[in-house]
Amino acid sequence: MSRLLIIAFEGAEAAQLAGFAKALGIPFDVLSLSGKVDLDLGAAKVFTSDLNELPLADAVSGSLSNFIQQNGPYTHIAGPSSMRGKDLLARLAGTLDAGMVTDVIAIESPTLFHRPMVAGSIIATVEVLSTPVVLTVRPAGFPAPARSGNSESGILSLSTMPKSQRVSVSARGGARPDLTQAKIIVTGGRPLKDAETFERILGGLADTLGGAVGATRAAVDSGIAPNELQVGQTGKIVAPDLYIAAGVSGSTQHMAGIKDSKIIVAINKDPDAPIFESADYGLVADLYDALPELQSKAKA
Amino acid sequence: MKILVPVKRVVDPYAKVRPLADGSGIDTTGVKFEINPFDEIAVEEAVRLREKDPSIEITVVSIGKGECEEQLRKALAMGADKAVLIETDAEYDSLAIAKELATLVRELEPDVVLMGKQATDDDCNQAGQMLAAKLDWPQATFASKVDLTGRGLRVTRETDSGDETVELDFPCLVTTDLRLNEPRYIALPGIIKARSKPLEKRAPSEAPTVKTRTTKYSSPPARAAGRKLSSVDELVAVLKERGAL
Ligand SMILES: Cc1cc2nc3c(=O)[nH]c(=O)nc-3n(C[C@H](O)[C@H](O)[C@H](O)COP(=O)(O)OP(=O)(O)OC[C@H]3O[C@@H](n4cnc5c(N)ncnc54)[C@H](O)[C@@H]3O)c2cc1C
Ligand SMILES: Nc1ncnc2c1ncn2[C@@H]1O[C@H](COP(=O)(O)O)[C@@H](O)[C@H]1O
């Protein structure tokens, strides 16, 4: 019989992955590595780990694999397509000697999944040839299900076997919504002069709209924006209701991260910029004029 | 000290590629092939570490068809000391790659495996972590800074919310992110000069057992080009009309 284990890093993530579980259509359990999971997601069982800090992947994959073997059999193990999701789940797949499909965006059957490759230029249909399979999922394609029921719950004590030491953490975070959760994102590219200008022009508009700020790789590489703001093939994959890209040329690698946005607005001073080919609304303008104007008029 | 750097031959990351009409593969006619950019960063980092510790010996390895020699030669030109080409026409998934690499690691006994976080053709982001699991080694993925500590490495790695620094004892595995370094440019004469460096060709240690297989390649649904607007006023109006503001 098919059974899915969802591995979430925090409670809120479990709710998104429950949409995937519903779409897959098989019974599922949830394991949250930190934080409380709602008990009305439709899971059979919900486990919360007793660790007080998220463990490093190499320290915890062994005990996770033991848990999966003892509590299983699971045919599917799924987590988020975030950096920490890929770090841990691929390690776990190695430990379990399981095949893996990253960045699942659609399900044809429990053994046939769709995923983007080559910076989103190709959609691959991947067949899974053995169980269990490990998956990382992009939640955009799987709406959260209606809530009902009451899962059994329990605390899971996970032992860790440290192989490396965390010596420092710098989480920049801040008051703005997380890029992967934001309803509105304002993204800037290379032409933003410096970090201060980036923050003033893009941050100002984002705060007015209650949104998050994103950046292209060119902006990150030139030190204008911190790396965790990078959107694209090798950065964050986003799916807001409104994505405003200013001074962004529209490279394949950048577009790979924003395709699931409901509305894309491009503001670029070059009328031939490739981004206009895939934006819903395009404005040929200097961003230094257009963004402040947009900020003052959006409020009105 | 020894560093092993796996490198994959991939389609030029800046080329636009399409699926073949029958969906059986990717149309690569007229497209150049390159070292996976993340692996090129790994080779560069290995060379920079050797600049600090000249005792370091760098081996690069690629699994694939004979043409992979081109990418291995480039890695040699960048400064790697020797290359191994595991020559095969077989299909591999990342797990099968990790297993083949694990066999080589057990033979060569490097202190560090440095490799790309993902191949830009399949975008899997799996093989490094799987290899570390197979070897039961410490891993640091998505590295943006690597330093030698004497008994291991200190690695700053990118995370979803910023970065963190971890320390790993040898032997250990590191996967590279884009910001780790900017690979040096190698002109053609450099590649030709590297012809004298050793490149060993061998067969895989076993036939791969793949657990996943791509059965169809298709184009993503195209986003239709939208409207050009003439002013911010017009933009505000349409966004309000659609309930986006
Ligand atoms: C392996 C690999 C992975 C990559 N991953 C990513 C990724 O995840 N994310 C990503 O973003 N990139 C990624 N890239 C880089 C990508 O190829 C592009 O180089 C990058 O996206 C370009 O950023 P940009 O649009 O800011 O800069 P540019 O391409 O330089 O574009 C700047 C744009 O700003 C416009 N402009 C200039 N001044 C103004 C002004 N005053 N007002 C309005 N418009 C103005 C210009 O007309 C131009 O269109 C990757 C590349 C590789 C090889
Ligand atoms: N055929 C291959 N030969 C050598 N190294 C490979 C090969 N395939 C993948 N790798 C390595 O594994 C990394 C991750 O690949 P992937 O899991 O396919 O995204 C790459 O950056 C390479 O370092």
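For this tour, Ala, Val, Leu, Ile, Met, Phe, Trp, Tyr, Cys and Pro count as nonpolar, Asp, Glu, Lys and Arg as charged, and the others, Gly among them, as polar. The model is predicted, with local features needing pLDDT of at least 70 and side-chain atom pairs counting only at pLDDT 80 or more, while totals for chains, interfaces and linings use all residues. Residues are numbered from 1 along each chain as its sequence is written, chains are lettered from A and ligands numbered from 1 in the order in which they are written, and side-chain values use heavy atoms, with hydrogens and water left out.

**First stop: ligand 1**

Select ligand 1, which lies between chains A and B, and show the residues near it, a residue being near when one of its heavy atoms lies within 4 Å. Of the 28 residues around ligand 1, those that come nearest are R190(A), T216(A), V231(A), S249(A) and N268(A). By class, this shell holds nine nonpolar, 14 polar and five charged residues.

Next, look at polar contacts, which here are pairs of N or O atoms within 3.5 Å. An oxygen atom of ligand 1 has a polar side-chain atom of R190(A) at 2.6 Å, and a nitrogen atom of the ligand lies 2.8 Å from a polar side-chain atom of T234(A). The backbone takes part as well, with a polar backbone atom of K269(A) 3.1 Å from a nitrogen atom of ligand 1. Taken alone, ligand 1 exposes 990 Å², of which the protein buries 86%; such areas come from the Shrake-Rupley method with a 1.4 Å probe. To see which elements give two or more residues to this shell, colour α5 (217-221), α6 (252-255) and α7 (287-299) of chain A, bearing in mind that helices (H or I, at least four residues) and strands (E, at least two) are DSSP runs numbered from the N terminus.

**Second stop: ligand 2**

Move on to ligand 2, which is surrounded by 19 residues, the closest being D39(B), I63(B), A119(B), N125(B) and A127(B). Oxygen atoms of ligand 2 are the ones to click on here: a polar side-chain atom of S94(B) lies 2.9 Å from an oxygen atom of the ligand, a backbone N or O atom of G116(B) lies 3.3 Å from an oxygen atom, and a backbone N or O atom of C124(B) lies 3.4 Å from an oxygen atom. On its own, ligand 2 has 490 Å² of accessible area, and the protein covers 97% of that.

In chain B, β6 (57-64), α3 (94-108) and β8 (112-116) each supply at least two residues of the shell around ligand 2, and the largest share, three residues, comes from β6(B). The shell divides into nine nonpolar, seven polar and three charged residues.

**Third stop: the cavities**

Now hide the ligands, since a cavity is defined on a 1 Å grid over the protein atoms alone, as a set of points where a 1.4 Å probe fits but cannot get out, with lining residues having an atom within 4 Å of a point. Two cavities of 30 Å³ or more are counted, a volume being the space filled by probe spheres set on the points, which are joined across faces, edges and corners.

The largest cavity holds about 80 Å³ of space, and its lining includes V118(A), Q233(A), T252(A), V11(B) and T120(B).

Technical notes:
1 Å grid on protein atoms, 1.4 Å probe; cavity = no way out; pocket = protein on both sides within 12 Å on 5 of 7 lines; lining within 4 Å. Polar contact = N/O pair within 3.5 Å; in protein donor to acceptor, adjacent residues only side chain to side chain.
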